[in-house]
Amino acid sequence: METPGSQSSLHRANLERVVRAVRLAGSLTQAEIARTTGLSAATVSNIVRELKEGGTVEVTPTSAGGRRARSVSLSGDAGIVVGVDFGHTHLRVAVGNLAHQVLAEESEPMDVDASAAQGLDRAEQLVNRLIAATGVDRSKVAGVGLGVPGPIEESGTLGSTAILPGWGGTKPAEELRGRLGVPVHVDNDANLGALGELVWGSGKGVRDLAYIKVASGVGAGLVIDGKIYRGPGGTAGEIGHITLDESGPVCRCGNRGCLETFTAARYVLPLLQPSHGTELTMEGVVRLARDGDPGCRRVIADVGRHIGSGVANLCNLLNPSRVVLGGDLAEAGELVLGPIRESVGRYAIPSAARQLSVLPGALGGRAEVLGALALALSEMGDSTLLDGSAGGALHTAAPAFT
């Protein structure tokens, strides 16, 4: 039994610090581990050697700054995590290992009016199928990250949502945990999009960003000092309900002229239906705009200017260094990013606007499911990884992106 403060307990703590740093980053050079953990280069070198001999990590040659280096990642067979993303019209599942490699991924359409039970049953089936496809034993599943399009209360209950009307009041993590028999961690889709871009995409290397997702609704995932900010009621980032026009259209929240009523698909598509038909989707609008369609270009530009007004408010309040635009709209590139920047320049405090970069998401429609993987990775523990059993770490939380 280790005595707190003893040499052996300090060594164990250092082992866990190194494993945690590697687990959250996917892979790091030894120099990066030293910077991340604050440990000396010699200590890191000895710990990495010990972890490699124990089969916890793998070390491969790489280069950093033009110099030879060694990249450290968790062993490919140390365990797996699962990401599940419920969207307005889809269910997407991914299975990844602890070295941040996606082993299997699949998406299928989902009826938005389906009940929570039906949706979770389908998720269970798809998760089981993909785990089987990887050939990894189920005992290696260290946890599941789950994304849903709605606010998650502190109790784990999904708040009222018009996007998944059959889900309000349910506890999706608890329900899926009962089906799969492993820990499930839940968050809303915008937060997971932010987490995905932070770990794998356009947010890498920054500590403060906002991920804006425009789809059937409009939401923002906020990262402050490297951590997702949710607020006490889980509703932080509801940028779609910033008021732009008090006399504007009635929003689903009951107010008038919310940002969502000028930018979300359900309000934007009817503007083009007289000239483009009723089958038009936001993906189609973006495609036509890129091909030069004047009506679609005008609508995309207007949407961008309205989003920019909301982003300017975020700049004035939180002063993020980066805004990442996700969803189908991001595929419009400068057709939408230019107007966003124009509005930010007009309405934001000049010092905040100068520091801000506005970028398209790098992960596209995969941002949320990859964010769900990152959530599962951040919530699992490190202690039993050192003992060679990922499954044993299921109930040992070590939150990072929280």
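A polar contact is a pair of N or O atoms within 3.5 Å; within protein, one atom must be able to donate a hydrogen and the other to accept it, and residues adjacent in sequence count only if both atoms are side-chain atoms.

## Basis

This is a predicted model, in which local features need pLDDT of at least 70 and side-chain atom pairs count only at pLDDT 80 or more, while totals for chains, interfaces and linings use all residues. Residues are numbered from 1 along each chain as its sequence is written, and side-chain values use heavy atoms, with hydrogens and water left out.

## T37

T37 belongs to helix 2 (helices are DSSP runs of H or I, at least four residues, and strands of E, at least two, numbered from the N terminus). With 11% relative accessibility, T37 is buried (under 20% relative accessible area; exposed is over 50%, partly exposed in between; 1.4 Å probe, protein chains only).

The T37 side chain reaches the backbone oxygen of I33 at 2.8 Å. A polar atom of this side chain also lies 3.2 Å from the backbone nitrogen of L39. Beyond neighbours within four places in sequence, T37 has contacts (heavy atoms within 4.5 Å) with R17, V18, A21 and V44.

## Nonpolar cores

A nonpolar core is a set of buried Ala, Val, Leu, Ile, Met, Phe, Trp, Tyr and Cys residues joined through side-chain atoms within 4.5 Å. The largest one has 46 residues, and I33, L51, V81, L98 and L195 have the most contacts inside it. Elements giving two or more residues to this core include helix 1 (7-25), helix 2 (30-37) and strand 9 (209-214). Helix 13 supplies its largest share, 9 residues.

Another core, of 41 residues, lies apart from this one and includes L269, L337, A353 and L356.
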